[in-house]
Amino acid sequence: MVDIVLLGAPGAGKGTQAELLAQWLPLPRVSSGDLFRAAIAAGTALGLRAKEYIDRGELVPDEVTIGMVAERLAQPDCAQGVILDGFPRTAGQAEALAEVLARMGRKVDIVPYVCVSPETLLRRLAGRWTCEQCGTVYHEAYSPEKAKGLCDACGGKLYQRPDDTPETQKRRIEVYFAQTAPLIQYFKDRGILVELDGEQDIATVQRVLRQAIRALGLTGPC
Ligand code: AP5
């Protein structure tokens, strides 16, 4: 059993690394951004509320976000652990997560922090394409699809996220530094932060990440 929180700025590569890790461990990847996008696509009240914030590059309020993620963590597939991607993003969310996991007799075991320069973040966000069907993420320069505009995995059409406009990207990065970056110290103080050089290629970051998880001495494929 292992509970992992991937921390990093927008475009750092959290989703890319979480997906590879999820296949290896195997554990579910729970992405708060994906949960919001699914709610928006389904036209739910939560989705409509979240969209107002996401379109502006702001964080969705804690009272909405915490309940949504806590509900997801209560699903049976999360009983053996989880890889959280994009949550927590505020001190309030971090405290709430600790409480939710404590009620299940668990705690956050490791927080890999994917560290990338602001210039690299903007380059990665600008070139990102996502499959509208299965959510696989590509980059036009660093990890391009084989057939232009089509997902290698399922053949779905690739699209650019609406919150990847230059203005929203800039705002998301500002919001990250103001509201989420303080969590680096929060998790460091608890002795569970592992800093990864996210400037390296995708496979290298994944290799170092797996080494860090192996070092926890867990059972399973590690
Ligand atoms: P969310 O969906 O979580 O977006 P994000 O944090 O902004 O992160 P991204 O998905 O943009 O980036 P990533 O780090 O996953 O990078 P990726 O792997 O795709 O959140 C969206 C919005 O929802 C938020 O702005 C907020 O409004 C709301 N929200 C979500 N969670 C919330 C919360 N907890 N509280 C409140 N509000 C919340 O990689 C990026 C690109 O780079 C890809 O093209 C990829 O192929 C490429 N790439 C990745 N790694 C590498 C590498 N090592 N080398 C070269 N290219 C790479």
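I count two strands as paired if DSSP finds at least two bridges between them, and I keep that in mind as I open this predicted model.

**Entry 1, the sheet**

I began with β4 (residues 111-115), which pairs with β8 in the parallel sense over 5 bridges. Looking along this pair for facing residues, I found V114 opposite L196 in β8. I then asked in which order the strands of the open sheet follow one another. The sheet has 5 strands, and I read their order as β2-β3-β1-β4-β8, with parallel pairing. At the edges I noted β2 (29-31) and β8 (193-197), each of which has a single partner strand, so that one side of each is left without a neighbour in the sheet.

Next I turned to helix α9 (residues 202-214), which lies across β1 (2-8), β4 and β8 and runs at about 160° to β8. For a pair of helices I looked up α7 (residues 166-180) and α8 (residues 182-189), which pack at an angle of about 35° with their axes 5 Å apart. Which residues of α7 and α8 meet there? On the α7 side I listed Y176, F177, A178, Q179 and T180, and these meet P182, L183 and I184 in α8. Sorted by class, this contact of α7 with α8 has 6 nonpolar and 2 polar residues, and no charged ones.

A polar backbone atom of G11 is 2.9 Å from an oxygen atom of the ligand, while an N or O atom in the side chain of R124 is 3.2 Å from a nitrogen atom of the ligand. In S143 I found a polar side-chain atom 3.2 Å from an oxygen atom of the ligand. I wanted to know how much of the ligand the protein buries; taken alone the ligand exposes 1000 Å², and the protein buries 97% of that.

Technical notes
Residues are numbered from 1 along each chain as its sequence is written. This is a predicted model: local features need pLDDT of at least 70, side-chain atom pairs count only at pLDDT 80 or more; totals for chains, interfaces and linings use all residues. Side-chain values use heavy atoms; hydrogens and water are left out. A polar contact is a pair of N or O atoms within 3.5 Å; within protein, one must be able to donate a hydrogen and the other to accept it, and residues adjacent in sequence count only if both atoms are side-chain atoms. Accessible areas come from the Shrake-Rupley method with a 1.4 Å probe; for residues, only the protein chains shown count as cover. Helices (H or I, at least four residues) and strands (E, at least two) are DSSP runs, numbered from the N terminus. Contact means heavy atoms within 4.5 Å. Axes are lines fitted to C-alpha atoms, for helices over the stretch in contact, and angles run from 0 to 180 degrees between N-to-C directions. Ala, Val, Leu, Ile, Met, Phe, Trp, Tyr, Cys and Pro count as nonpolar, Asp, Glu, Lys and Arg as charged, and the others, Gly among them, as polar.
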